[in-house]
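The following note was prepared for a colleague who wishes to review the model before using it.

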Amino acid sequence: MFKVMVPKATLKELEKIDKQNQKLIFKKIKDLEIGSFSSDKALKGKFRKRAGNYRIVYLKENDILVITLIRIAHRKEVY
């Protein structure tokens with residue numbers, strides 16, 4: 001089980017997204033909590049999880065089992 005940290009800036013990005021996509025994103029964040037990383041892609045020291053047209057960019061710290069969400073944004077804006 002991982003602990004997911006959500007900075008205020010990331011939370012503000014999430015609040016701007018419509019409710020239907022928010023539900024999908026929360027489901028994907030729950031997957032991160034339980035350690036489901038199988039379909040995630042590596043991005044220069046960070047990782048990316050797909051959630052529909054949105055991407056969740058996160059940093060996984062193996063030693064202390066913490067995942068910090070870096071950014072949640074539409075796929076056009078995240079790269």
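**Notes on the predicted model**

1. Charge. The protein chain carries 20 positive and 9 negative side chains, and 5 Å separates the centres of the two sets. The coordinates under review are those of a predicted model, and the remarks below should be read accordingly.

2. Secondary structure. The protein chain contains 2 helices and 5 strands. Read from the N terminus, the order of its elements is β-α-α-β-β-β-β.

3. Overall dimensions. The radius of gyration of the protein chain is 12 Å, which agrees with the value near 12 Å that a compact globule of 79 residues would have. The C-alpha trace spans about 35 × 20 × 20 Å along its principal axes.

4. Of its 79 residues, 37% count as buried.

5. Contact range. Among contacts in the protein chain with a separation of 6 or more, 46% are between residues 24 or more positions apart.

6. Burial of K49. Is K49 buried or exposed? This lysine, located in strand β3 (residues 46-51), counts as buried because its relative accessibility is 4%, and the cut-off for burial is under 20%.

7. Polar partners of K49. Which groups lie beside the polar part of the K49 side chain? The side chains of K49 and D40 are joined by a polar contact of 2.9 Å.

8. When neighbours within four places in sequence are set aside, the residues in contact with K49 are K28, D31, L32, S36, D40, Y54, R55, I56 and Y58.

9. Strand β1 and V4. V4 belongs to strand β1 (residues 3-5). With a relative accessibility of 17%, V4 counts as buried, since the threshold is under 20%. Apart from neighbours within four places in sequence, V4 is in contact with I29, E33, I67 and L69.

10. Relation of V4 to K49. How far apart are V4 and K49 in sequence and in space? They are separated by 45 residues in sequence and, C-alpha to C-alpha, by 14 Å in space.

Notes
Residues are numbered from 1 along each chain as its sequence is written. This is a predicted model: local features need pLDDT of at least 70, side-chain atom pairs count only at pLDDT 80 or more; totals for chains, interfaces and linings use all residues. Side-chain values use heavy atoms; hydrogens and water are left out. Buried means under 20% relative accessible area, exposed over 50%, partly exposed in between (1.4 Å probe, protein chains only). A polar contact is a pair of N or O atoms within 3.5 Å; within protein, one must be able to donate a hydrogen and the other to accept it, and residues adjacent in sequence count only if both atoms are side-chain atoms. Contact means heavy atoms within 4.5 Å. The radius of gyration is taken over C-alpha atoms; the globule rule is 2.2 Å times the number of residues to the power 0.38. Lys and Arg count as positive and Asp and Glu as negative; His and the chain ends are not counted. The place of a charge is taken as NZ of Lys, CZ of Arg, CG of Asp or CD of Glu.
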